[in-house]
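Open the model in your viewer and keep the selection panel at hand. The stops below say what to select and what to look for.

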Amino acid sequence: MILENIKYGRIRHLTLLDPEKSGPDRIEGLIEFIERSGSDAIMVGGSTNTGSKLVDDVVVSIKRLTKKPVILFPSSPEALSAHADAIFFLSLLNSESLNYVVGYQVQSARLLKRSMMEIISVAYLVFEPGMTVGRVGKAKLIGRDDVSKALDYASAAELMGFQAIYLEAGSGAPKSIDPDLVKAVCDDVTIPVIVGGGIREPYTAKKMLFAGAAAVVTGTIAESDPSALGKIVSAIKS
Ligand code: 1GP
């Protein structure tokens, strides 16, 4: 089970691939790098308005090239593929739009229940600067060091029964979330905490793990500098 593997430290680094940027021509090279880096799992998603055909094609290609688990990270109820192993069933709790909190989930829930995928309910909290997901998801951004607000949301997420919390600074963020805030959240909740957005340096990734994060996600680095991915994964696992 993927959630169990995240919880017990068997999945500590996840690579996010955006289907729009990881088309069939690039996917083979990217998977080769991911394999060599030692990253534990692959997330697919990220861009806005990605159609299900493209997501499905990318997931099928990835499954053909690697045995690593593939987890959907959908930006919309259309960005799904039954060929993935699991889905982060996200609720963007600090969105001002009900669609991102529960509306899109209502649209896809029955379909997902009939799939073979592991469904992992994740409270998705978007922090400053938020980048595209902050804008598109109409997030009321949480300050990257606003511990009190982060604890309010994280505690609510835990009491509402989410299986994990994802602290997101936004893909391509110039700065990650403050590791001290990550520590405060991890100390306060019993569910696994996943951190992503703006993590490009091995020491930043390591700090997140020291802070108590169960897993770290990197996306941009795999697309812009795949060789740096190995250094991040090694730092996490050292
Ligand atoms: C986005 O947190 C991920 O959801 C990855 O962010 O692209 O900045 O690594 P980066």
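Begin with Gln-105, which counts as buried at 11% relative accessibility. The model is a predicted one, and residues under 20% relative accessible area are called buried here. Gln-105 sits in helix 4, which covers residues 98-114. Show what surrounds the residue: leaving aside residues up to four places away in sequence, Gln-105 touches Phe-89, Leu-90, Ser-91, Asn-99 and Tyr-100.

**Nonpolar cores**

Next, select Ile-62, Ile-165, Leu-167 and Val-182. These residues have the most contacts inside the largest nonpolar core, a set of 55 residues. Stay on Val-182 and display its contacts. With residues up to four places away in sequence not counted, Val-182 touches Leu-167, Ile-177, Val-195, Met-208, Ala-211 and Ala-213. Then move to Leu-14, Phe-73, Ala-86 and Val-126, which are included in a second, separate core of 26 residues. In soluble globular proteins, nonpolar side chains tend to be buried together.

**Helix 2 against helix 3**

Colour helix 2 and helix 3 and look at how they pack. Their axes are 10 Å apart and the packing angle is about 50°. Helix 2 and helix 3 are therefore oblique to each other. The crossing of helix 2 past helix 3 is right-handed. To see the contact, show side chains on both helices: Ile-27, Glu-28, Ile-31 and Glu-35 come from helix 2, and they meet Val-58, Ser-61, Ile-62 and Leu-65 in helix 3.

**Salt bridges**

How many salt bridges does the structure hold? There are 7. Side chains of opposite charge can pair when their charged atoms come close.

Select Asp-40 and Lys-237, whose closest N and O atoms are 2.5 Å apart in a salt bridge. Asp-40 lies in the loop between helix 2 (24-37) and strand 2 (41-45), and Lys-237 in helix 10 (residues 226-237), so this pair ties together parts that are 197 residues apart in sequence. Check the surface on each side: Asp-40 is buried, at a relative accessible area of 14%, whereas Lys-237 is partly exposed, at 34%.

Now select Lys-63 and Asp-85, whose side chains form a salt bridge with an N to O distance of 2.8 Å. Lys-63 belongs to helix 3 (residues 52-65) and Asp-85 to the loop between strand 3 (70-73) and strand 4 (86-92); the pair, 22 residues apart, links distant parts of the chain. Lys-63 is partly exposed, with a relative accessible area of 31%, and Asp-85 also counts as partly exposed, at 27%.

For a salt bridge inside one helix, go to Asp-187 and Lys-183. Their side chains meet at 2.8 Å, N to O. Both residues are in helix 7 (residues 179-188), and because they are 4 residues apart there, about one helical turn separates them. Is Asp-187 buried or exposed? Asp-187 counts as exposed, at 56% relative accessibility, while Lys-183 counts as partly exposed, at 40%.

Finish by selecting Asp-18, Lys-21 and Glu-223 together. These residues are linked in a network of salt bridges.

Note on methods: Residues are numbered from 1 along each chain as its sequence is written. This is a predicted model: local features need pLDDT of at least 70, side-chain atom pairs count only at pLDDT 80 or more; totals for chains, interfaces and linings use all residues. Side-chain values use heavy atoms; hydrogens and water are left out. A salt bridge is a side-chain nitrogen of Lys or Arg within 4 Å of a carboxyl oxygen of Asp or Glu. Helices (H or I, at least four residues) and strands (E, at least two) are DSSP runs, numbered from the N terminus. Buried means under 20% relative accessible area, exposed over 50%, partly exposed in between (1.4 Å probe, protein chains only). A nonpolar core is a set of buried Ala, Val, Leu, Ile, Met, Phe, Trp, Tyr and Cys residues joined through side-chain atoms within 4.5 Å. Contact means heavy atoms within 4.5 Å. Axes are lines fitted to C-alpha atoms, for helices over the stretch in contact, and angles run from 0 to 180 degrees between N-to-C directions. Angles under 35 degrees count as roughly parallel, over 145 as roughly antiparallel, 65 to 115 as roughly perpendicular and the rest as oblique. A crossing is left-handed if the near helix is turned anticlockwise from the far one by less than a right angle, and right-handed if clockwise.
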